Amino acid sequence: MDAAPAGTDLEGTAVVIGGGISGLLAAREFARAGVRTTVLEASEAWGGCVGNHAVAGLTLDSGAESFATRTAAVADLAAELGLAGEIVAPNPGGAWVQLPDGPRELPKTGVLGIPASPWDPEVRRSLGLLGSLRASIDAVLPASLGTGAEATSVSALVRRRMGSRVLDRLVAPVVGGVHSADPSVLDVDMVAPGLRAGIRQHGSLAAAVAAQRRGAAGATAGPAGPAKAQSAGLQKAGSAVAGLRGGMHTLVAALLADLRQRGVTLLNGTPARSVQRTADGWRVATDQATFDAGRLVVAVEGPAAVGLLEETLPELAGLRSDAGPDVSLVTLVVDLPALDTAPRGTGVLVAPQSPGVQAKALTHATAKWAWLAERTGPGRHVLRLSYGRAAAPGATPESGGGGAAAAPRSEEELFRAALADASALLGVSVSAADVAGWDVVRWAGALPFASLGHRQRVAAVRSICAADGTLAVVGGWLSGNGLAAIVADTPRQVRTLLS
Ligand SMILES: Cc1cc2nc3c(=O)[nH]c(=O)nc-3n(C[C@H](O)[C@H](O)[C@H](O)COP(=O)(O)OP(=O)(O)OC[C@H]3O[C@@H](n4cnc5c(N)ncnc54)[C@H](O)[C@@H]3O)c2cc1C
């Protein structure tokens with residue numbers, strides 16, 4: 001089967017493997033350029049990690065539930081798809097952090113937990129006087145410290161500039177919650193792009209964080225972008241993230257409608273089994289058919305992408321990325337009026353050393369998103385607990401760094417752990433009798449973390465794939481995890497391919 005009608009030159013055709021957000025965006029870029037495009041998705045569901053599930057009669061996000069507003073990329077895409085009016089800010093109350101010595105409000109002015117001001121009262125409460133003092137030394141350190149050419153982990157940068165209390169009490173819980181990894185294994189340039197450049201520009205880490213926060217407000221409030229139609233609340237809050245009324249999965253539904261309207265062929269339940277270079281393009285084999293096209297975009301997880309391409313491009317074999325940690329999400333819909341007051345704001349991030357809690361984060365979704373609370377009504381709440389994080393090298397579960405190995409396994413075990421953890425983290429007893437519905441979603445290796453040297457590996461992968469001008473690889477494993485990075489990167493890659 002050709003991605004073009006029989007007898008047509010393959011030049012104007014493309015196959016995209018993977019129907020996650022990156023694959024759908026790649027297809028959209030091709031279709032906009034008039035390229036006849038087919039998307040092959042292995043599972044029945046579209047959207048990959050931007051999925052949905054039904055729990056107690058509610059349709060909820062089963063993976064991503066928000067997007068970073070450090071740039072306007074996702075807001076602009078949503079606006080292009082007619083969703084500008086659906087962009088919403090989370091409740092400004094913010095989240096909490098569970099520390100070994102108890103819960104604290106998480107300072108709202110940070111990037112990845114790194115504070116914009118060490119003397120902000122919330123920061124001071126979390127760090128203590130000595131911790132804030134040490135963090136404020138950042139302002140007098142040379143701007144070159146931590147901004148050299150060497151690959152720098154999040155922990156190396158934060159420890160050098162602001163000290164270990166900021167790292168342990170603010171950054172590790174946020175990084176664990178967002179990236180399911182220890183800050184010592186994460187490449188700071190991938191998870192906080194522009195931050196090191198910001199230190200050179202503004203003189204200190206705190207100033208760079210403050211500038212990024214101002215940028216987040218500006219990016220979503222700018223009069224030029226289509227995102228201007230979104231709620232005034234989001235602009236005022238300068239929130240680091242935003243969501244969509246109805247859930248992030250509505251973005252996938254809108255993208256699919258857009259692709260259908262543009263005539264893209266969408267084939268779900270159709271895993272690509274092999275990829276071959278042909279004289280005039282690429283041949284992709286599935287269980288049912290083969291697809292020939294002039295251009296190919298591979299938009300699947302890193303190890304799977306290398307697996308598909310290494311026969312044709314053996315140089316890729318050594319660049320296979322590590323799979324991310326396995327993450328399990330337990331969603332509880334509970335009838336508990338005691339939660340109407342949102343006792344821990346929008347949720348709780350758990351510091352790795354916190355005793356007695358297995359979850360790495362709890363999102364109180366009905367406290368975070370007003371639209372969801374309107375749907376459930378008072379007394380009914382949606383709680384989402386996540387399990388599994390990649391440890392620091394050499395860490396053991398006992399040392400507090402290896403949550404994944406200690407994580408509960410069966411659905412029933414996860415459910416029981418979620419009840420115990422929700423009770424501990426919210427300070428409100430949550431029992432099985434309060435539960436109106438629950439679900440477990442497992443994401444195997446779906447959060448590839450940007451480990452040290454990631455940038456160089458990505459550059460190497462991309463240059464090998466780009467060599468003959470007909471192949472591109474896209475997705476979170478290359479652009480950096482998260483919708484903001486993928487939405488900015490994917491169209492760029494396809495445009496390069498088309499040019
Ligand atoms: C639990 C969870 C919560 C998250 N929360 C957020 C959040 O709140 N905000 C945020 O910005 N980001 C979040 N992320 C990250 C974000 O969702 C991902 O970075 C992003 O969705 C990845 O998109 P992708 O297209 O690169 O890959 P994926 O979504 O993994 O899509 C890849 C697709 O390829 C398909 N595929 C694989 N092999 C084949 C094959 N051989 N043939 C055909 N198809 C194949 C897969 O079935 C899948 O659909 C979260 C991720 C997870 C797992």
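Me: Which residue has a backbone N or O atom 3.0 Å from a nitrogen atom of the ligand?

Reply: This is a predicted model, so treat each distance as computed. To read a polar contact, look for a pair of N or O atoms within 3.5 Å. Here the residue is A42, whose backbone N or O atom lies 3.0 Å from a ligand nitrogen. One lies 3.1 Å from a polar backbone atom of E65. In the side chain of N481, an N or O atom is 2.9 Å from a ligand oxygen.

Me: How much of the ligand's accessible area does the protein cover?

Reply: On its own, the ligand has 1,000 Å² of accessible area, and the protein covers 86% of that.

Me: How many residues surround the ligand, and which are the closest?

Reply: There are 31 in the shell. The closest are S22, E41, S66, G476 and L483. By type, the shell holds 17 nonpolar, eleven polar and three charged residues. Helices contribute too: α1 (21-32) and α18 (483-498) each give at least two residues to the shell.

Me: How many aromatic pairs does a search of the whole structure find?

Reply: One. To classify a pair, check the angle between the ring planes: under 30 degrees counts as stacked. The rings of F415 and W438 have centres 4.2 Å apart and planes at 20°, so this pair is stacked.

Me: Which parts does the pair tie together?

Reply: F415 sits in helix α15 (residues 411-426), and W438 sits in strand β19 (residues 435-443). The pair therefore links parts 23 residues apart in sequence.

Me: Is F415 buried or exposed?

Reply: Use the cut-off: buried means under 20% relative accessible area. F415 has 5%, so F415 is buried. W438 has 32% relative accessibility, so W438 counts as partly exposed.

Me: Now strands. What joins β7 to β8?

Reply: A hairpin, through two residues. Strands β7 (residues 96-99) and β8 (residues 102-105) run antiparallel and share four bridges.

Me: What is the strand order in the open sheet of three strands?

Reply: The order is β5-β9-β6, with antiparallel pairing. Look for the edges next. β5 (67-68) and β6 (87-88) each have a single partner strand, so one side of each has no neighbour in the sheet.

Me: How many bridges pair β6 with β9?

Reply: Two, in the antiparallel sense, with β9 covering residues 241-244. To see the pairing, find I87, which stands opposite L244 in β9.

Conventions
Residues are numbered from 1 along each chain as its sequence is written. This is a predicted model: local features need pLDDT of at least 70, side-chain atom pairs count only at pLDDT 80 or more; totals for chains, interfaces and linings use all residues. Side-chain values use heavy atoms; hydrogens and water are left out. A residue is near a molecule or strand if one of its heavy atoms lies within 4 Å of it. A polar contact is a pair of N or O atoms within 3.5 Å; within protein, one must be able to donate a hydrogen and the other to accept it, and residues adjacent in sequence count only if both atoms are side-chain atoms. Accessible areas come from the Shrake-Rupley method with a 1.4 Å probe; for residues, only the protein chains shown count as cover. Ala, Val, Leu, Ile, Met, Phe, Trp, Tyr, Cys and Pro count as nonpolar, Asp, Glu, Lys and Arg as charged, and the others, Gly among them, as polar. Two strands pair if DSSP finds at least two bridges between them. Rings of Phe, Tyr and Trp (its six-membered ring) pair if their centres lie within 6.5 Å; planes under 30 degrees apart count as stacked, over 60 as edge-to-face and the rest as tilted. Buried means under 20% relative accessible area, exposed over 50%, partly exposed in between (1.4 Å probe, protein chains only).
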